[in-house]
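Trainee: Could you walk me through this one before I set anything up?
Mentor: Gladly; let us look at it together and take it piece by piece.

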Amino acid sequence: MVEKAIYGIYGAGGCGRGIMPLAREQLQCLGISSELLVFIDDQPQAGQVNGQRIVRYAEILACPATERHVALAIANSAVREKLAQQCSQDGILPWTVQAANVVVMDEVQIGQGALLCPFVTLTSNIQIGRYFHANLYSYVEHDCIIGDYVTFAPGVHCNGNIVIEDHAYIGTGAIIKQGNPGRPLVIGHHAVVGMGAVVTKDVPAGTTVIGNPARLLQKG
């Protein structure tokens, strides 16, 4: 009789390799052996990475386990959503992985499947959607609402009273100015905030902003 669950980090690239040690530590704190933890990659270049075994998605489905838990360490949010839907259809449970030194304060709601890297801080009265990625040294200040499949690169400064809609990408070192109670600053659906940008006003859905102060990137 199989009595064990199996845990997977989907993606053996840079994102996945950064999450794997956090996942290993999280399981160890629960008394779960790292032998039950694998990378998932459908085009593996080797049998293991950084001492952890790599398997294909089909192997996870075939594995005789009581439960299957997967963290989606995929930077592209559209691919992340597609994989989340596939995992749900196959009965694989979303897994939230966070570093031991993440700070979470009062009244913070975090959707399933989040990945929270070292030195991330979430202060007070925050709502975060599904499959959020928060990279090293990022923070979310008070009274923010963050949608599904949002990605923060390292060092994002998300100040208070901000709404970030689904699939937005916030680049490394970006600073988002604090909004006002009742009139939050809004980063639109599928918007991209470039590396080091300083956002002082709303960013329309589907656009890219760069610079200080942030301005629309003119294409062509």
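**The first helix and what surrounds it**

Mentor: In this predicted model, α1 has a kink of about 25° at M20, shortly before the proline P21.

Trainee: How far apart are the end C-alpha atoms of α1, and what span should its 16 residues give?
Mentor: The end C-alpha atoms of α1 are 24 Å apart, and at 1.5 Å a residue its 16 residues should span 22 Å, which agrees.

Trainee: Which residues of α1 are buried?
Mentor: The buried residues in α1 are G16, I19, M20, L22, A23 and L27, and they pack against β1, β2, β4 (52–55), β7 (97–98) and β10. Following α1 comes G31, which has a positive phi, near 75°.

Trainee: How do β1 and β2 run, and how many bridges join them?
Mentor: They run parallel and are joined by four bridges, and F39 in β2 is the bridge partner of I9. The chain crosses from β1 through α1 to β2, a β-α-β crossover that is right-handed.

Trainee: And which way do the residues of β2 point?
Mentor: L37 and F39 point one way from β2, while V38 and I40 point the other way, and all of them are buried. On to the next pairing: β2 and β4 run parallel with two bridges between them, and V55 in β4 is the bridge partner of I40.

Trainee: Switching to the core, which residues touch the most other members of the largest nonpolar one?
Mentor: That core has 53 residues, and I9, F132, F152, I164 and I187 touch the most other members. Several elements supply at least two residues each, including β1 (6–10), α1 (14–29), β18 (162–164) and β21 (185–187), and the largest share, five residues, comes from α1. Apart from this core lies another one, of 17 residues, with I6, A65, A84 and C87 among them.

Trainee: What does I9 touch, leaving out residues up to four places away in sequence?
Mentor: Its contacts include I19, M20 and A23 as well as L37, V38, F39 and I40, and W95 is also one of the residues that I9 touches.

Trainee: What is the strand order in the open sheet of five strands?
Mentor: The order is β9-β12-β15-β18-β21, with parallel pairing. Because β9 (108–110) and β21 stand at the edges with a single partner strand each, one side of each is left without a neighbour in the sheet. Three bridges join β18 to β21, and I164 stands opposite I187 in β21.

Trainee: New topic, then: which backbone angles should I look at?
Mentor: Two residues other than glycine have a positive phi: for E107 the value is near 55°, and for H167 it is about 65°. E107 lies in the loop between β8 (103–104) and β9, whereas H167 is in the loop between β18 and β19 (169–170).

Trainee: Are those two buried or exposed?
Mentor: E107 is exposed, because its relative accessible area is 59%, while H167 counts as buried at 8% relative accessibility.

Trainee: What about S124, buried or exposed?
Mentor: S124 has 19% relative accessibility and therefore counts as buried, the cut-off being under 20%. S124 is in the loop between β11 (121–122) and β12, and E107 is one of the residues it touches.

Trainee: Where is the cis peptide bond?
Mentor: A cis peptide bond joins N212 and P213, with omega at about -5°, and P213 is found in the loop between β24 (208–210) and β25 (215–216).

Terms used:
Residues numbered from 1 in each chain as written. Predicted model: local features only at pLDDT ≥ 70, side-chain atom pairs only at ≥ 80, totals over all residues. Heavy atoms only, no water. Core = buried A, V, L, I, M, F, W, Y, C linked by side-chain atoms within 4.5 Å. Buried < 20%, exposed > 50% of the residue type's maximum accessible area, 1.4 Å probe, protein only. Contact = heavy atoms within 4.5 Å. Expected span 1.5 Å × (residues − 1). Bend = angle between axes of the 7 residues up to and from the residue. Pairing = 2+ DSSP bridges. Right-handed = clockwise from strand over helix to strand, strands pointing away.
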